[in-house]
Amino acid sequence: MKKGVMRPGHVQIRVLDMGEAVKHYTELLGMIETDRDDQGRVYLKAWTEVDKFSLVLREADEPGCDFMGFKVVDEDTLVQLEKDLVAYGVEVEQVPAEDLKDCGRRVRFTVPSGHAFELYADKKYTGKWGVSSVNPEAWPRGLQGMKAVRFDHCLFYGPELAATYDIFVNVLGFHLAEQVLDPEGTRVAQFLTVSMMSTTWPSFITKRKASSTTRPSSWIPGKRSSGRRI
Amino acid sequence: MARFQVYNCTTGDDFTCQEGQSVLKAMEQWGLKCVPVGCRGGGCGICKVRVIEGEYRCGKMSRVHAPPEAIEQGEVLACRIYPVTDLTIECLEPSAPGDTSEQTTRALR
C-alpha cells in the first residue's frame with residue numbers, strides 16, 4: 001500500500017580519496033558536481049534529476065555507505081511515517097535541516113540488516129542540468145562518460161532479510177518486486193521498490209550477508225545490477 | 001619506464017610490474033590469478049598480501065583491512081602498492097569476513 005514514500009533521493013558514500021572519487025563519478029559515470037560543504041563533502045547529481053543532489057561523497061579511511069535517503073511526498077507524510085516507525089518499534093533519529101546543504105530535516109533509522117536509511121520531504125529544486133525549462137532541447141550538451149540519468153537503486157548485503165522486509169513493506173509501503181530463492185526455498189535476496197511505473201525498477205535490495213560486512217557492494221546510477229533493464 | 005619483477009613465493013608465479021602500476025593490476029595484465037581480486041580500489045581487503053622483500057609506495061587503503069600496524073609489517077593490499085624495487089610477496093587470507101550465520105527467511109508467494 002502506498003504510504004507516501006516517492007523515490008530514492010540520496011545516498012552518502014564514504015570514499016578513500018576524494019579527488020579520485022570525484023573524477024570517477026563525474027568523468028566516468030557522468031554525474032555533475034553541484035556543491036561542497038565545510039565538512040569537505042561533495043554533492044553530485046545525474047542530469048535528469050531535478051533536486052540539487054542525489055549523491056554525497058565523504059572522505060574517510062574506510063569506504064562504505066553512511067545512509068540512503070528516500071524522498072516522501074510532503075511534511076505531513078514525514079510526520080506520519082515517523083510516527084508509524086516509532087509505533088512499530090523502530091528507533092528514529094532527528095537530523096536537522098541544512099545538515100546536508102539545501103536539504104530539509106531528515107528522519108534517520110537503522111533497519112535489522114544493519115543499514116541506515118532516512119526519510120525527508122524537502123530539497124532544493126534546481127531543475128534538470130544543462131537544459132532550459134523553457135523550450136528545452138531533448139538532451140544537454142557537455143555530458144561526460146556514461147551520462148548516468150538518475151540515482152535508481154542501492155544493493156546492500158546484510159542479515160535479517162525478513163525483519164528488514166517487514167519495516168519497508170508494512171511501515172513504509174514498499175513492495176517486493178523480485179526475490180531470489182535457494183534450492184531449499186530460503187529467500188537469499190529481496191528486491192524492494194516503491195514505484196508503480198514499469199519504467200522505474202527496484203530501488204532497494206537487501207541480500208544475505210555473503211563474505212562481507214555491511215558495505216554496499218555496488219552502486220550504479222540508472223542501472224539495475226541484474227542488467228535486465230533500466 | 002622502469003620495470004620491476006614481482007615474485008609470489010606462495011605460488012611460485014612471477015611477473016613484471018611497470019613503474020606507477022599496482023601489483024594487482026600488473027598481475028591481471030599478465031593473466032595470472034595468484035592473488036585474489038576484489039574491488040581493486042583499496043576497499044575490500046580481498047587482495048591482501050605480505051611483502052617479504054623490496055620497496056614500494058602505498059596508495060590509500062581501508063583502515064579496517066590494512067591498519068597502520070599491519071602496513072608496518074608489510075601486510076598490504078596488492079591493488080594499492082606500487083613497486084619501486086623488485087618485490088617478493090606472499091599470499092595471506094583475506095581479512096575480516098562478516099558474520100555468515102544462516103538465514104531462516106522464507107519465500108513470499
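**View 1. A:Phe174 sits in the loop between helix H3 (161-171) and E10 of chain A.** Helices (H or I, at least four residues) and strands (E, at least two) are DSSP runs, numbered from the N terminus. This is a predicted model, in which local features need pLDDT of at least 70 and side-chain atom pairs count only at pLDDT 80 or more, while totals for chains, interfaces and linings use all residues. Residues are numbered from 1 along each chain as its sequence is written, chains are lettered from A and ligands numbered from 1 in the order in which they are written, and side-chain values use heavy atoms, with hydrogens and water left out. With a relative accessible area of 1%, A:Phe174 is buried; the word means under 20% relative accessible area, against over 50% for exposed and in between for partly exposed (1.4 Å probe, protein chains only). Look also for A:Val194: 20 residues separate it from A:Phe174 in sequence, yet their C-alpha atoms are 4.7 Å apart in space.

**View 2. Strands E10 (residues 175-181) and E11 of chain A run antiparallel, joined by six bridges.** Strands pair here if DSSP finds at least two bridges between them. You can follow the pairing from A:Leu181, which stands opposite A:Arg187, to A:Glu178, whose bridge partner is A:Phe191. Strand E11 (residues 187-193) is mostly covered, with seven of its seven residues buried. Five residues lie between the strands of this hairpin, and A:Gly185 takes a positive phi near 90 degrees.

**View 3. Helix H2 of chain A has a buried side and an exposed face.** H2(A) (residues 75-88) has 14 residues and reaches 20 Å from first C-alpha to last, close to the 20 Å expected at 1.5 Å a residue; that expected span is 1.5 Å times one less than the number of residues. Buried here are A:Thr77, A:Leu78, A:Leu81, A:Glu82 and A:Leu85. These residues are on the same side of H2(A) because they cover an arc of only 135 degrees around the axis, taken from the directions from the helix axis to the C-beta atoms. An α-helix has 3.6 residues a turn, so residues three or four places apart point the same way. Turned away from the buried side are the exposed residues A:Asp76, A:Lys83 and A:Ala87.

**View 4. A:Asp102 has a positive phi, near 60 degrees, in a residue other than glycine.** Most residues other than glycine have a negative phi. A:Asp102 belongs to the loop between strand E6 (92-95) and strand E7 (106-110) of chain A. Its relative accessible area is 24%, so A:Asp102 is partly exposed.

**View 5. The largest cavity is lined by residues of chain B.** A cavity is a set of points on a 1 Å grid over the protein atoms alone where a 1.4 Å probe fits but cannot get out, and lining residues have an atom within 4 Å of a point. The count is one cavity of 30 Å³ or more, and the largest holds about 30 Å³ of space. Its lining divides into six nonpolar, four polar and one charged. Among the lining residues are B:Cys39, B:Arg40, B:Ile46 and B:Leu77. B:Arg40, in the loop between helix H1 (23-29) and strand E3 (48-53) of chain B, has a positive phi near 65 degrees.

Methods: 1 Å grid on protein atoms, 1.4 Å probe; cavity = no way out; pocket = protein on both sides within 12 Å on 5 of 7 lines; lining within 4 Å. Points joined across faces, edges and corners; volume = space filled by probe spheres on them. Nonpolar A, V, L, I, M, F, W, Y, C, P; charged D, E, K, R; others polar.
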